[in-house]
Amino acid sequence: MSGRKRTLEAISFEFVITVVAVIALIIIIAPSLVVLIVSFTSGFSLRFPPPGYSLRWYAELWNAWQLHFAAKNSLIVALWATCLSVVLGVAAALAISRSRTLSARLLDSLFMSPLVLPALAFGLAALMLFSLVGLPVSPLTLVIGHTVVCVPYVVRNTVAALAQLEPTLLESSAVLGASRLYTFRRIVLPLIRPGIIAGAFIAFMSSFDNVPVSLFLRDAATDMLPIRMWQDLEGKLDVTIAALSGVLIIATVALVAVMERVTGLSRRLTN
Amino acid sequence: MGTAPASRDVTSYGMGLAAPLALFFLVFFVAPLLQLLWLSLHNDTAALHWGLGQYLHFLTDPFSLSVLGSTLLLGAEVTLVCLVLGFPIAWLYQRVGPRLQTIIILIVLLPLLTSVVVRTFAWIVILGRQGIINATLQSLGIIDTPLKLLYTQFGVVIALAQVQMPLMTLPLITALGRIDPNLDDASCSLGAGSWRTFFRIVLPLSLPGVIAGCTLTYAAAITAFITQSLIGGGQMLFMPMYLYQQASTLQNWPFASAISIIFLLAVLAVVSVFTTLGRMSRGYGGA
């Protein structure tokens, strides 16, 4: 086989795969950029490119009290669901992370199952249970439902952080006379904290963005932001939603940048 | 559990710490699902008469079966598109410098954390009658009248593929990172070309990642209620919307429960097929 043919073959391979990769990356990033640009339109439609640029729809957003109300509800529910997920999830992760017993593996599968099972089916099931026991839909039922679907992220990231922990550190600490609680507070917790924060962050974002569970567990008094947006989009294409999307995209980019600094988020999700 | 002397076992924590979450899941996750199953086994809304009527209704109704079929097909199409587009990203990631790696990973991560309504909304702007694609094609004179892209299967697949791409790409990046780069060189120096090396060495060794990515993408794509309903519109019905209509609009809870159980079983079946394949591929990769 001639060297030239080999090189040509290698170049063709690298060219094709790189071009596909670049196209794929453009497909991933383009929608967010498009929405960001359209949100600054001075016109009344979602035409791209916009006829001119202004901040009018962001100003409009300032007065959209329905969206404010829904955003406040979503934030409160997401904060409570995240707190509950961290308390329950970190404790469970400590228990199952180093155990190889059957019960630990079964519990692990149970805690992870909300990630694959259709959340809409769970939402309906939760609504039926709450109505059976006579608990009306409220922020409380929303927090409970969101916690079920968000806690897997905390468990998974905490278990991963614990797996990186050197057991000898804990043994040395014990040999030097530290109590279990002291070792946990001074050694374990500082080392797994980035993992817990990363898990809590993903749990918060997925609660804030949750539709399938909220759909069944909210009512008019507990309107949630993604559902409000969805219903607005079903009705008419409102440019205010573009401005809101712009705010959400910018907030997400900022939060991801902070999380990347604090927890090394990208390495955590590819290891 | 508990056979080692307590004084020596300082590296693990007791299973008791898992009890609160286990209890929480038992009450708020397992119990509701059992109740769902119980209700689906009744023929009437008052849940007085036991029977398989709801399931028989679903399984003998051509409309219901076509909704199930098109949902499972949609998942397969989205998964395939994600794999074809996601694999080159993972491949590129392993061959660029650390700075570009961070940029790639952040581009992949960003949509995962951006609101799904926002991402879907973006596709309405792109695919709509006055959207970017139609505007560009019209200004180039390629088409006279706008193409119908929104409310089509094509639109749903491409939008869902973008929305679910991170779920495919992240496990692939992990899997490709675990392959010994020397294998690549060895294969090439033994005379296999780049294409052959890719299909005979890289792809088989990354199968665990491929399967993990396919499982997550498939499960997410078929349950993606928002994207399906906004991009698909009223004419295209998939299982999540069907379930929601029956439960919420028609208040037919027993039938909605049966739909949920059938949908759950379908997802579980697909996941377990993937898991079995994953177990087999790990044996292959280790050989």
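Which residues of chain B does UniProt place in the feature "transmembrane region"? The unreviewed entry gives residues 17-41, 62-91, 103-128, 149-177 and 255-277 of chain B. Keep in mind as you look around that this is a predicted model.

## What the record says about chain B

Let's take two of those stretches and see what the model does there. Over residues 255-277 of chain B, the chain is 100% helix and 0% strand, and the end C-alpha atoms sit 33 Å apart. Residues 103-128 of chain B come out at 88% helix and 0% strand, with 30 Å between the end C-alpha atoms.

UniProt, again in an unreviewed entry, also has the annotation "domain: ABC transmembrane type-1" over residues 68-274 of chain B. In the model that span is 80% helix and 0% strand, and its end C-alpha atoms lie 19 Å apart.

## A helix with a kink

Now pick out helix α3 of chain B, which runs over residues 62-93. Still, α3(B) has a kink of about 25° at Gly86(B), shortly before the proline Pro88(B).

## Two helix pairs in chain A

Over in chain A, helix α3 (residues 65-97) packs against helix α8 (residues 180-208) at an angle of about 145°, with the axes 9 Å apart. The crossing of α3(A) past α8(A) is right-handed. On the α3(A) side, the residues that meet α8(A) include Ser74(A), Ala78(A), Ala81(A), Ser85(A) and Gly89(A); among their partners in α8(A) are Ile196(A), Gly199(A), Ala203(A) and Phe204(A). Sorted by class, this contact has 10 nonpolar residues, 6 polar and no charged.

Helix α5 (residues 119-132) of chain A also packs at about 145°, here with helix α6 (residues 139-163) of chain A, and these axes are 11 Å apart. This one is a right-handed crossing too. From α5(A) come Ala119(A), Phe122(A), Gly123(A), Ala126(A) and Phe130(A), which meet Thr141(A), Gly145(A), Val148(A) and Val149(A) in α6(A). That contact splits into 6 nonpolar, 3 polar and no charged residues.

## Where the chains meet

How many residues does each chain bring to the contact between them? Chain B puts in 82 residues, and chain A puts in 82. On the chain B side, helix α1 (residues 19-40) gives the most, with 13 residues. The class count for the side of chain B that touches chain A is 62 nonpolar, 19 polar and 1 charged.

Note on methods
Residues numbered from 1 in each chain as written. Chains lettered and ligands numbered in written order. Predicted model: local features only at pLDDT ≥ 70, side-chain atom pairs only at ≥ 80, totals over all residues. Axes fitted to C-alpha atoms, helices over the stretch in contact; angles between N-to-C directions. Helix = DSSP H or I, 4+ residues; strand = E, 2+ residues; numbered from the N terminus. Left-handed = near helix turned anticlockwise from the far one by under 90°. Contact = placed C-beta atoms within 7 Å. Nonpolar A, V, L, I, M, F, W, Y, C, P; charged D, E, K, R; others polar. Expected span 1.5 Å × (residues − 1). Bend = angle between axes of the 7 residues up to and from the residue. UniProt positions renumbered as here; feature names shortened; annotations may be inferred.
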